Amino acid sequence: MQSCLDIDNSGSKSGSDSVGFVMGQRVHLAGDTRRIGTVKYVGAVEWYEGNWVGVDWDNGDGKHDGSHNGVRYFEAQGPKTASFVRPHNLSSGVTLLKALEFRYHGESTKEEQDEMYVLSATNKKVSIELLGIDKIQNKLSRFEELTSVSLAYLGVSSAGPPGHINTTIPRLKELDLTGNLLFDWREIAAICKDLPALVTLNLSYNIMSHDISGMPLLNHIKVVVLNHTGISWKQVEMLKDSLPLVEELHLMGNKLRGITPLSSDIVHGFDSLRLLNLENNFIDSWDEILKLSQLKRLEQLFLNNNCISHIWYPDHNSLSKPPNSHELLGESFRPFQNLRCLLVGGNKIEDFSSIDTLNLFPNLLDIRLSENPIADPGKGGLPRFVFIARLSKVEILNGSQVSPRERKESEIRYVRLVMSKCHDNPEEIKKLHPRFAELKKFHGIENEKVANGATVPQKMSSSLISITLKCVAASIGEKAPLTKKLPATTTVAKLKILCESFFKIKSVKPKLFLQEEGSPLPTLLDDDMTSLFDFGVGNGSTILVDEEC
């Protein structure tokens, strides 16, 4: 059977096919539960006998855009994402219990058994047997004891007869239905009502219907995963009355551009929501995120990989406020009052004010800023120690713990760096470095006279710093790390010359990087005339010695 043809005419020579498919229905190719699409047309195709089903495939692997021989039958998502298929070559799916039976009672296929091998010393396949596999399979086959079930990509399309699920898996708490054929919310409601112990439901990669009317109260569900389901925020709002106790809501990859409350400018309800995942969407304005600021129990907000370029915190002194900002600024509750984790990696943030405003969030401790222009040292972004110094409360930065020692060293390095750059302009310091005066006083760093136009305070200029040099250049070979004491005023150019001597390299042009604790990438020391002090190199720092390409 050729399943990806523009017209799949296999196995049918007349119009006797019983169709049985409806518009918007989710189907998969017979025999391939991962080849999933949406029915966009049912009926005749000009010049061909019998009934046909026009399918728009999720993976975009089709032959046309919904038209054939100049006749438009439906609109597909792309120029070659659709095809016409005979009804008997499609499956409308199975009930949940049938998939359960197949997943946990079915025998391993010959193909699966053939894949379980290791290669011997003579490169021959030797079959392996998993120790205890019979015990595991026996336990999984006792459905009444199961508390967690994964039925991903098994063609589940319906709940089946009422009551049957509950009698079969009465203890089920976690259900993964990723990549099935579910699209009708009534089927979701039937499944959930039949599983009173269910806490976690994953419906990712099921393209759900826009009609959510008539959903019952499901107050036992605490975690809902709706990644890549095509859901809109308006539909989310319609779901919230059915899920009053939901604590985690995952909405990744749904092409969301904004937050659109139904009856207000801000989001109300979701009184138990602690985690909201909006990663991999198209949100580009922080004003949209502010509509979530009154979710009183919200502790974790995931916004990685959107298009946000600026962050600001609303307060009574803000110069610019969103419409009806009085709703945001209630006297009894500060915006984002309980938010402790904010992930905004992979956005377009490039301004210092967006970083400094994070200090205004009352309880924000865990922040991700990686993969933003502001965090890319190679493009003029800030190194890790500057973020730590500017963010007064952060305890976890970009997934790495900030220890008390790292905070102290970062703040001292930051103060001295600012002093070297802006020593003659206190107003500029106050404007560009809001925490400078506070940190300078806290760490007892005294003002030091600057003589002969030097860019570094004299005490620091005369002091020595201990640094570790690690050679990582591939052409040089393995070299033992060296620890050296050097003046903080040593320039990058001078250190390169010293490295040539330390590591006895003459034919290689060195390239230096500052490796910082917790930072995924080292910082290139790209200005030969800049001192180690100005680059933030301090006592105990590690410099990587590489080679020019």
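Leaving out neighbours within four places in sequence, Ser242 is in contact (heavy atoms within 4.5 Å) with Met215, Pro216, Leu217, Leu218 and Asn219. The model is a predicted one, so to speak of local features a pLDDT of at least 70 is needed, side-chain atom pairs count only at pLDDT 80 or more, and totals for chains, interfaces and linings use all residues. Residues are numbered from 1 along each chain as its sequence is written, and side-chain values use heavy atoms, with hydrogens and water left out.

Back to Ser242: this residue sits in the loop between helix H6 (233-239) and strand S17 (248-250). Helices (H or I, at least four residues) and strands (E, at least two) are DSSP runs numbered from the N terminus. At 4% relative accessibility Ser242 is buried, where buried means under 20% relative accessible area, exposed over 50% and partly exposed in between (1.4 Å probe, protein chains only). The Ser242 side chain also gets to the backbone oxygen of Met215, at 3.3 Å.

S17 belongs to an open sheet of eleven strands, ordered S12-S14-S15-S16-S17-S18-S19-S20-S21-S22-S23, with mixed pairing; two strands pair if DSSP finds at least two bridges between them. Strand S12 (148-150) and strand S23 (400-401) are the edges, each pairing on one side only. S23 is held to strand S22 (residues 396-397) by two antiparallel bridges, with Ile396 opposite Gln401. Helix H1 (96-105) packs on this sheet, touching S12 and strand S14 (174-176), and its direction makes about 90 degrees with that of S12. Axes here are lines fitted to C-alpha atoms, for helices over the stretch in contact, and angles run from 0 to 180 degrees between N-to-C directions.

The largest nonpolar core has 95 residues, and Leu151 and Leu175 touch the most other members. Such a core is a set of buried Ala, Val, Leu, Ile, Met, Phe, Trp, Tyr and Cys residues joined through side-chain atoms within 4.5 Å. Helices that each supply at least two residues of this core include H1, H6 and helix H11 (404-421). Beyond four places in sequence, the contacts of Leu175 include Leu96, Val149, Leu151 and Ile191. A second, separate core of 23 residues includes Ala488, Leu495, Cys499 and Val545.

Another open sheet has five strands in the order S25-S24-S28-S26-S27, again with mixed pairing. Strand S25 (482-487) and strand S27 (523-524) stand at its edges with a single partner strand each, so one side of each lacks a neighbour in the sheet. Strand S24 (residues 464-471) and strand S28 (residues 542-547) run parallel over four bridges, and Leu469 has Ile543 as its bridge partner. Helix H15 (residues 492-502) lies across S24, S25, strand S26 (510-515) and S28, at about 110 degrees to S26.

As for cysteines, the disulfide count is zero, taking a disulfide as a pair of cysteine sulfur atoms within 2.5 Å. Cys499 is buried at 0% relative accessible area, and its sulfur is 8.3 Å from the closest cysteine sulfur, in Cys471, which is too far for a bond.

Finally, in strand S2 (residues 26-29), Arg26 and His28 point one way and Val27 and Leu29 the other, and all are buried. S2 pairs antiparallel with strand S3 (residues 32-45) over four bridges, His28 being partnered by Ile36. Their hairpin has two residues between the strands, and Gly31 takes a positive phi near 85 degrees.

Methods
Polar contact = N/O pair within 3.5 Å; in protein donor to acceptor, adjacent residues only side chain to side chain.
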